[in-house]
Amino acid sequence: YTELRDTLRMTDGNATAHLRTLHEAGYVAITKSIEGGRSATTYSLTETGRKAFSEYVGLLEQIVAQTRRVDS
């Protein structure tokens with residue numbers, strides 16, 4: 001969680017809210033554990049999340065390709 005939050009430069013509350021929404025949509029799995037006496041939370045994409053992300057990237061690629069054709 002900390003690495004993700006820091007990489008995205010988000011506040012704790014903002015990162016938590018976004019991750020909760022992604023989890024509720026079935027895009028992110030949450031694993032909680034104890035490591036060295038401290039709690040650790042790990043987030044990972046589910047298969048549904050991977051598929052949705054791949055489709056989103058594909059859509060962005062289409063938009064870029066269309067924009068390049070218009071600009072040419």
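Biologist: Where is Arg 9 found?

Modeller: In this predicted model, Arg 9 sits in the loop that joins helix 1 (2-8) to helix 2 (12-24).

Biologist: Is Arg 9 buried or exposed?

Modeller: Arg 9 counts as exposed because its relative accessibility is 80%, and the cut-off for that class is over 50%.

Biologist: Now the charged residues. How many salt bridges does the structure hold?

Modeller: The general idea comes first. Side chains of opposite charge can pair when their charged atoms come close. In this structure there are three salt bridges.

Biologist: Which residues are linked in a network of salt bridges?

Modeller: The network links Arg 5, Asp 6 and Asp 12. Between Arg 5 and Asp 6, the closest N and O atoms are 2.8 Å apart. Between Arg 5 and Asp 12, the closest N and O atoms are 2.6 Å apart.

Biologist: Which residue forms a salt bridge with Lys 51?

Modeller: Lys 51 pairs with Glu 55, and the closest N and O atoms of the two are 3.8 Å apart. That pair still qualifies because the cut-off is within 4 Å. Both Lys 51 and Glu 55 are exposed.

Biologist: How are Lys 51 and Glu 55 placed along helix 3?

Modeller: Lys 51 and Glu 55 are four residues apart in helix 3, so about one helical turn separates them.

Biologist: Next, the nonpolar surface. Which residues make the nonpolar surface patch?

Modeller: Leu 45, Phe 53, Tyr 56, Val 57, Leu 59, Leu 60 and Ile 63 make a nonpolar surface patch of about 630 Å².

Biologist: Which helix gives the largest share of the nonpolar patch?

Modeller: Helix 3 (residues 47-71) does, with six residues. One of the patch residues, Val 57, has its place in helix 3.

Biologist: What is the relative accessible area of Val 57?

Modeller: The value is 30%, so Val 57 is partly exposed.

Technical notes
Residues numbered from 1 in each chain as written. Predicted model: local features only at pLDDT ≥ 70, side-chain atom pairs only at ≥ 80, totals over all residues. Heavy atoms only, no water. Patch = residues over 30% accessible without salt bridge, like charges linked within 9 Å, V, L, I, M, F, W, Y side chains within 5 Å. Areas by Shrake-Rupley, 256 points an atom, 1.4 Å probe, with all protein chains shown as cover. Salt bridge = Lys/Arg side-chain N within 4 Å of Asp/Glu carboxyl O. Helix = DSSP H or I, 4+ residues; strand = E, 2+ residues; numbered from the N terminus. Buried < 20%, exposed > 50% of the residue type's maximum accessible area, 1.4 Å probe, protein only.
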